[in-house]
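Hello,

Here is the structure I promised to pass on. Have a look at it first, and my notes follow below.

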Amino acid sequence: MYIEKLKEMFTEMVQKKDASLIPFYYHENFLLYTNGQITNYNQFLSSHEEYYATEKTYSVEYDEMTLLEQEEKVAGRMWITVGVPNELPKKLEVLLVAQYKGDKIYRLWELTYPDWSKLPEFAD
């Protein structure tokens, strides 16, 4: 159930760049732990509104053999490819654990390689 919800979020929100869906998929007390940084719901919402307003494109692939679900948590490995016009796409490997509360993502722990926050595509 939660693996499908996670995939749906990546399809409907990330790939379609629709930040208006963040309240639908993410709990109001959401926290993201990524590569040593912590981001709360409001920071996540505002940053994704900015990212999605650009010409960047996002595509997602899953390592299906690694996707696991237990109780309200999903873990796995995936790749997010970020495209920027006139540049070669950057493929990020993502290891993640998502914890749901109700039907929404409550906590998300992830490691990305390369570290997405150090890429010029996501510089402030």
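Helices (H or I, at least four residues) and strands (E, at least two) are DSSP runs, numbered from the N terminus, and the expected span of a helix is 1.5 Å times one less than its number of residues. This is a predicted model, in which local features need pLDDT of at least 70 and side-chain atom pairs count only at pLDDT 80 or more, while totals for chains, interfaces and linings use all residues. Residues are numbered from 1 along each chain as its sequence is written, and side-chain values use heavy atoms, with hydrogens and water left out.

Let me start with helix 3. Helix 3 (residues 41-52) has 12 residues and spans 16 Å from its first C-alpha to its last, close to the expected 16 Å. Its buried residues (under 20% relative accessible area; exposed is over 50%, partly exposed in between; 1.4 Å probe, protein chains only) include Phe44, Leu45 and His48.

Now the aromatic rings. Rings of Phe, Tyr and Trp (its six-membered ring) pair if their centres lie within 6.5 Å; planes under 30 degrees apart count as stacked, over 60 as edge-to-face and the rest as tilted. That rule gives eight aromatic pairs. Phe10 and Tyr62 are edge-to-face, with centres 6.5 Å apart and planes at 70°. Phe10 is in helix 1 and Tyr62 in strand 3, so this pair ties together parts 52 residues apart in sequence. Phe10 is buried at 8% relative accessibility, whereas Tyr62 is partly exposed at 22%. Tyr33 and Trp109 are stacked, at 5.9 Å centre to centre and 10° between the planes. Ring pairs also link Tyr26, Phe30 and Phe44 into a cluster.

Best wishes
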